[in-house]
Amino acid sequence: MTRRLVVTLSLTLVLTAGLFAAGLLAGNTPSLGLDLQGGASVTLTPKGTFDDAAIGVAVDIIRQRVDSIGVSEPEIIRQGSTVVVNLPGVKDQQRALDLVGRTGEVQLRPVIQMGQQTPQDGATSTTVAGATSTSVAGAPGSIEPTDSTLAAPAGGLGSARHPAASTTVPAVTTTVPTGSGLQPGQDVLLAAKGDAVYLVGPVAATGEVFEKQAAAEISNGGWVVTVSLRSGADGEDQWNSLAKTCFEGGATCPTKQVAIVLDSKVISAPVVQTPEFNGNVQISGNFTEAEAGDLAKILQFGAVPVQFDAPTVQTVSATLGKSSLHAAIVSGLIGVALVLMFLVLYYRLIALVVVAGLGVSGMLLWTVISWLSRTNGLALTLSGAAGIIVSIGVTVDSYVVFFEKLKDDLNKGRTLRNSAVRGFESAWRTILAADTVSFLGALVLWWLTVGPVRGFAFFLGLSTLSDLVVSYLFTRPAVLLLARTGLMNRPGVLGVRRQAVTEAQSVTEGTA
Amino acid sequence: MSGRLGRLYRGETTVDFYGRRRLGFLFSGALLLMTLGSVVFQGLNLGIDFKGGVAWEVPVTDTLTLDIAKKVLAQEGVDEKSAKFQLLNSNGDERVRIQAGDLDPSKVSRVKSALAARAKVDAQDVSEASVSSTWGRSITNKAVRALLVFMMFVSFFISWRFEWRMAVSAIVAMVHDVGVSVGVYSVLGLEVTPATVVAFLTILGFSLYDTIVVFDKVHENTSRFSGSRVSYGDIVNVSMNQVLMRSLNTSVAAVLPVVSLLVLGSGVFGAVALQEFAFALIIGLATGAYSSIFIAAPLLGMLKDRDPAYAPQKGHLSLGPEMAHLMATGAPAGRRGAAITRVADLGQEPAAAAVSAEAVLSHPPRPRKKGRR
């Protein structure tokens with residue numbers, strides 16, 4: 001038992017310190033938000049006619065693109081008729097443009113060849129295999145989207161999604177002609193996800209053939225996207241002529257696939273399964289809910305597109321400046337020192353465990369935050385920094401709960417060693433229940449919200465998890481081991497008066 | 001250490017929280033009424049992040065810098081705290097962007113000409129545009145929906161882990177906290193910013209966390225006392241006194257850094273932005289700690305008093321030394337049946353009648369085997 005505790009404790013310490021050191025060596029530091037550090041500001045001016053709702057969708061798409069996990073807190077403002085996107089911490093103006101300035105038109109293009117990208121001596125040679133992970137059926141229910149009509153993908157993302165599909169098409173190794181070899185109107189495009197490459201024909205239709213009501217739904221136990229066609233020559237007829245060409249698989253569309261293209265990226269390339277569509281189109285595939293939702297959103301956007309003029313980019317200064325951060329950090333640290341002093345006064349020796357425990361949580365948080373700063377554009381705003389300081393209160397609470405239970409047990413006349421074990425057992429149940437509620441809250445908020453609330457939820461979840469981890473893997477072994485050493489085996493170490501015990505014990509023990 | 005403080009330190013206090021529940025309810029009721037009145041008649045002072053407003057952009061010249069722009073705005077009577085100043089830079093061409101809340105059109109053009117005059121440029125070179133909120137309606141709607149879903153999940157979790165009455169009490173306490181915090185902001189007319197919303201959410205989480213810790217103790221005591229005939233009010237009282245020290249300690253630990261942010265951060269170091277955030281947090285921490293003790297737990301007691309298992313003992317509270325005895329031993333003080341006589345003395349006939357069948361038993365019932373051990 002003792003040995004296991006020692007192993008747990010030392011593993012926790014070594015791992016935490018190791019991760020922390022690795023993060024420092026890799027040069028990961030938390031990046032700061034717009035209010036503290038400034039960043040880049042991109043101004044987008046819509047071109048031609050546009051409707052208000054479409055700009056809303058465009059803003060959503062931009063937000064999704066720059067803030068995928070919800071921690072970078074960009075500021076998106078509509079200033080007059082323009083959209084201003086402020087990105088925290090982005091120094092490179094070109095990068096800011098890449099992130100923001102691509103919102104364009106949704107195009108529908110026939111797929112001539114599809115392949116896999118394999119970088120070779122600098123030149124992009126593309127191996128072609130028949131494959132896709134999606135299929136198009138007509139009006140919902142009229143034609144069953146079956147996997148058997150799908151060719152199996154030759155590796156990559158698709159194969160993971162389609163383990164069951166077995167009719168493998170032998171990989172045809174031809175090189176997709178790049179550059180000069182292209183017919184007019186043809187383009188080589190990359191998939192938005194994965195490493196597929198498509199050779200697509202000229203734009204046959206735009207997203208405007210659809211009505212603006214695409215929705216993700218569940219059909220036959222899987223997520224599909226349904227969308228209805230605009231009636232008339234600009235809608236249904238245009239789509240049906242494309243569908244017919246592709247269904248017949250002629251020279252212009254040998255793969256029978258239609259690529260849905262946004263910003264020169266192929267979002268999805270479903271196989272057409274019927275020549276004639278009657279008002280409705282259903283796109284099925286092995287979508288997750290999120291993938292289906294994203295595709296629906298893109299189709300909606302494509303129905304009423306907004307085009308922006310060439311965006312302008314500027315750097316913006318911080319609204320508050322780093323002096324506020326320094327003030328927050330210094331006063332926060334003084335606050336924490338006061339808390340520790342209070343705990344040492346109250347719990348005496350054992351409070352040293354809290355000091356070490358806060359060090360461990362601090363290292364864990366620093367590691368995760370600086371890692372995410374680098375990979376996901378996390379940006380720490382002033383309220384985020386202040387929030388972390390506040391979360392110390394919650395972290396300290398798990399120690400307080402534990403120590404109070406320990407004292408209770410000591411007061412009942414149990415030995416220290418016994419009390420520590422029982423105290424932790426019962427405190428762990430309390431901490432687990434309370435932290436589960438906090439974590440549940442963080443999860444729901446993160447899942448359902450956007451913007452600053454999402455950022456908050458992320459930090460709440462993070463600090464709750466670190467609280468659980470530190471309680472179980474650090475505090476428990478540390479206190480249990482301390483309880484065995486006899487170092488604490490003097491009354492007064494915890495502030496417990498032993499004689500109070502006898503009185504309570506003399507009365508018959510209740511019904512426990 | 002002796003006297004009250006000493007007893008508090010050793011967790012031996014015997015405060016009758018449950019008996020005085022009406023005080024807490026009255027106080028909170030008054031606060032919530034005030035909130036309602038203030039929100040209806042005065043509303044909330046929403047910052048530019050929520051309402052949008054106007055923005056000016058003016059080129060930086062020898063005579064106009066970011067600091068001078070701040071002064072110009074102050075002269076025109078625009079509060080510096082509720083405006084945002086940024087320096088824009090594209091290839092050495094610098095401009096100052098100023099955002100302020102809704103102003104009347106004459107003031108907007110006055111500021112524009114004042115800026116142009118100070119920068120010694122044409123009024124045409126100063127741009128002026130209305131700006132939307134950065135915190136769009138969709139963010140608010142999504143956040144509210146998420147909160148509702150969250151409350152549902154939390155209710156299920158608490159009902160499953162403890163019982164539904166605790167879920168009801170915890171949610172009521174949480175709503176109370178939000179109400180009181182919003183009320184304070186409305187009454188004092190403080191500006192609501194995204195940081196305030198984040199602070200309120202932090203508080204909500206903290207309040208719920210605090211309530212769960214208290215309820216966990218009540219839950220533990222419920223099984224501890226399941227064999228003896230004590231009223232639920234007693235269980236609540238005993239639990240409250242047992243967790244009192246923990247609640248105080250935790251609140252001190254949570255409040256100290258925030259007070260430091262408020263006093264040192266914004267006072268000594270002059271980071272004004274910290275002030276409102278810290279203020280929102282202090283209000284929230286206070287109401288959170290208050291509501292777990294004075295709203296959630298008494299409410300739970302009242303709900304449980306209607307439970308058939310506890311209804312017979314309803315209204316009887318062991319006070320003072322009796323409570324201390326109860327806490328120490330887990331059994332009611334004095335001879336068996338004392339509780340029942342007391343109920344009768346108080347003239348609560350239905351309760352006395354309900355227990356009469358059990359009261360004639362000559363020995364206490366075997367404790368039910370419930371809970372651990």
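1. Leu281(B) touches Val390(A), Ala199(B), Thr202(B), Ile203(B) and Val258(B), leaving aside residues up to four places away in sequence; two residues are in contact if their C-beta atoms, placed from the backbone, lie within 7 Å. Leu281(B) is also, with Ala386(A), Ala170(B), Val236(B) and Ala297(B), among the residues that touch the most other members of the largest nonpolar core, which holds 135 residues. Such a core is a set of buried Ala, Val, Leu, Ile, Met, Phe, Trp, Tyr and Cys residues joined through C-beta atoms within 7 Å. A residue is buried if 20 or more other C-beta atoms lie within 10 Å of its own, exposed if 12 or fewer, and partly exposed in between, with C-beta atoms placed from the backbone.

2. The model is predicted: local features need pLDDT of at least 70 and side-chain atom pairs count only at pLDDT 80 or more, whereas totals for chains, interfaces and linings use all residues. Residues are numbered from 1 along each chain as its sequence is written, and chains are lettered from A and ligands numbered from 1 in the order in which they are written.

3. Helices (H or I, at least four residues) and strands (E, at least two) are DSSP runs, numbered from the N terminus. A second, separate core has 86 residues, including Val197(A), Val261(A), Ile298(A) and Trp56(B).

4. The contact between the chains takes 71 residues from chain A and 67 residues from chain B. On the side of chain A that touches chain B, the elements giving two or more residues are β4 (75-79), β19 (312-316), α8 (322-347), α10 (382-411), α11 (416-448), α12 (452-485) and α13 (499-506) of chain A. This side divides into 39 nonpolar, 25 polar and seven charged residues. Here Ala, Val, Leu, Ile, Met, Phe, Trp, Tyr, Cys and Pro count as nonpolar, Asp, Glu, Lys and Arg as charged, and the others, Gly among them, as polar.

5. Strand pairing crosses between the chains: β19(A) and strand β3 (residues 84-90) of chain B pair in the antiparallel sense over two bridges. Two strands pair if DSSP finds at least two bridges between them. Val316(A) stands opposite Leu88(B), and Thr315(A) stands opposite Asn89(B).

6. Within chain B, β3(B) also pairs with strand β4 (residues 93-100), antiparallel and over seven bridges. Lys84(B) has Gln99(B) in β4(B) as its bridge partner. The two strands form a hairpin with two residues between them, and Asn91(B) in the turn has a positive phi of about 50°.

7. The helix α8(A) has 26 residues and reaches 37 Å from its first C-alpha to its last, close to the 38 Å expected at 1.5 Å a residue; the expected span is 1.5 Å times one less than the number of residues. Its buried residues include Leu325(A), Gly332(A), Val339(A) and Tyr347(A). The buried residues of α8(A) pack against β1 (31-32), α2 (34-37), α9 (351-376) and α10 of chain A, together with α9 (232-268) and α10 of chain B. Just after α8(A), Arg348(A) takes a positive phi of about 55°.

8. Strand β10 (residues 196-200) of chain A is largely enclosed by the rest of the structure, because five of its five residues are buried. Ala196(A), Tyr198(A) and Val200(A) point one way from β10(A), and Val197(A) and Leu199(A) the other way. In a regular strand the side chains alternate between the two faces of the sheet. Strand β9 (residues 187-191) of chain A runs antiparallel to β10(A), joined by four bridges, and Leu189(A) has Tyr198(A) as its bridge partner. These strands form a hairpin with four residues between them, in which Gly194(A) in the turn has a positive phi of about 80°.

9. Confidence in chain A should be read by region. pLDDT is the predictor's confidence in each residue, from 0 to 100; its mean for chain A is 73, and 77% of the residues reach 70 or more. Among the elements of chain A, helix α5 (residues 156-161) has the lowest mean pLDDT (29) and helix α1 (residues 2-25) the highest (88). Over residues 120-180 of chain A the pLDDT is below 50, and this stretch has 129 contacts in the model beyond near neighbours in sequence. Residues 498-512 of chain A also stay under 50, with 23 contacts beyond four places in sequence.

10. Chain A has 13 helices and 20 strands, and buried residues make up 49% of its 512 residues. Chain B has 13 helices and six strands, and 45% of its 373 residues count as buried.
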